[in-house]
Amino acid sequence: MKIGIIFNRITWEIKQLISEMEKNQVSYKLVNNQKIYFKLTNEKDLDDNFDVILERSLSYLRGLYSCAILESKGYKVINNFDCLNLSGNKLLTSLKLMEQNIPTPQTCIAFKKESALNAIEATINYPAVIKPIVGSWGRLVARLDDHSSATSNLESREELGNILQKIYYLQKYIPTEEENDLKSPTDLRVFVVGDKCVAAMGRFHTDKDFRSNIAIGGRAESIEITNELKDLSLKASKAVKGEIVGVDLMDDAGTLKVIEVNGTPQFKGVATATNINVAAEIIAYLMDNYI
Ligand SMILES: Nc1ncnc2c1ncn2[C@@H]1O[C@H](COP(=O)(O)OP(=O)(O)O)[C@@H](O)[C@H]1O
Ligand SMILES: [Mg+2]
């Protein structure tokens, strides 16, 4: 068996995957998509005998297009192009979740500042959350508390943003619950491999920010994978045609809602918080399914 890994930077996750492949004596090759070029032919010219290729590029579009090319050449790539395309775009993800009746926060899309303000003021109400439709690590996810903060955020996007920043993805703000003085997690991350939820963590935001991404200082704790969490996470993964994904959920006054699915999920945070060897789960899954 030979596994390929498409990457652009050697991350903690890739080192873990390498160590598991070596432990299991699986042959592998790392392919830096910044160091090669692709011939647009039908030939499997990268390496004839990859049984499966893991897409682990940190750059979303480079990963997405590498996957498109490799799939056309006949390689099996995880996640597949459909999944990367759907999960990498919060608008397309929301449509898939909606089609599958998977609970998700109330969301509106608008293309102009005035219509975005109307969406917030007539439908969502303040506080609202605005997110780039393509983005990760909490970047440019902002809370709009009132008319003036909404106006200034939208105006900045309209004047300074790139074309994607001008697609306004607006969502109902879900407050973090506090019970007996104990803060419940801001959001939950479930790491899915095939049909299995292998690890889950609750993330807590800091005092200074409503976002709980680990990349911006959020703290993580291991949580139990209840049947509800498992069921929703697997449904969300399937909705975006995922195989190895990270599902983010929030508890909205007692109802779990899916907020996004990550198609190239990092796992340092969840592996460290839970002490679960996520890389071992991924390699075992590849060995069971793609030999
Ligand atoms: N509707 C919401 N209400 C309150 N907080 C939210 C909401 N959506 C996202 N957040 C917070 O912002 C963080 C980043 O949002 P998310 O949709 O996961 O985008 P990203 O892809 O950048 O991680 C979440 O982890 C959560 O802490
Ligand atoms: Mg997220």
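In strand 14, I244 is the bridge partner of V193. That contact belongs to a predicted model, and it makes a handy way into the structure. Strand 14 and strand 11 (residues 187–193) run antiparallel to each other, paired over six bridges. Both sit in an open sheet of five strands, ordered 13-12-11-14-15 with antiparallel pairing. Strand 13 (219–222) and strand 15 are the edge strands, each with a single partner, so one side of each has no neighbour in the sheet. From one strand to the next, the twist averages 30°.

Helix 1 (residues 12–23) is 12 residues long and spans 17 Å from first C-alpha to last, close to the 16 Å expected at 1.5 Å a residue. Its buried residues are E13, I14, L17, I18, E20 and M21. Because these cover an arc of only 165° around the axis, they lie on the same side of helix 1. K15 and K23 are exposed, on the face turned away from that buried side. The cover over the buried residues includes strand 1 (2–7), strand 2 (27–32), strand 3 (52–55), helix 8 (268–274) and helix 9 (278–290). Just past the end of helix 1, Q25 has a positive phi of about 50°.

Helix 5 (residues 113–124) can be read in a similar way. K113, A116, L117, A119, I120 and I124 are buried there. Why do they end up on the same side of helix 5? Their arc around the axis is only 155°, which puts them on one side. E114 and A122, on the other side, are exposed. The buried residues pack against strand 5 (107–110), strand 6 (128–131), strand 7 (142–144), helix 6 (147–160) and strand 8 (168–172).

What about the backbone? Most residues other than glycine have a negative phi, and most peptide bonds are trans. Here are some places that depart from that.

| Site | Backbone feature | Value |
|---|---|---|
| I78 to N79 | cis peptide bond | omega near -5° |
| Y126 to P127 | cis peptide bond | omega about -10° |
| N125 | positive phi, not a glycine | phi about 75° |
| L140 | positive phi, not a glycine | phi near 65° |

Where do these sit? N79 is in the loop between strand 4 (77–78) and helix 3 (81–87). L140 is found in the loop between strand 6 and strand 7. The loop between helix 5 and strand 6 holds N125, and P127 lies in the loop between helix 5 and strand 6 too. N125 follows helix 5, and with a relative accessible area of 42% this residue counts as partly exposed.

Definitions and conventions
Residues are numbered from 1 along each chain as its sequence is written. Chains are lettered from A and ligands numbered from 1 in the order in which they are written. This is a predicted model: local features need pLDDT of at least 70, side-chain atom pairs count only at pLDDT 80 or more; totals for chains, interfaces and linings use all residues. Side-chain values use heavy atoms; hydrogens and water are left out. Buried means under 20% relative accessible area, exposed over 50%, partly exposed in between (1.4 Å probe, protein chains only). Helices (H or I, at least four residues) and strands (E, at least two) are DSSP runs, numbered from the N terminus. The arc is that of the directions from the helix axis to the C-beta atoms. Contact means heavy atoms within 4.5 Å. Two strands pair if DSSP finds at least two bridges between them. Axes are lines fitted to C-alpha atoms, for helices over the stretch in contact, and angles run from 0 to 180 degrees between N-to-C directions. The expected span of a helix is 1.5 Å times one less than its number of residues.
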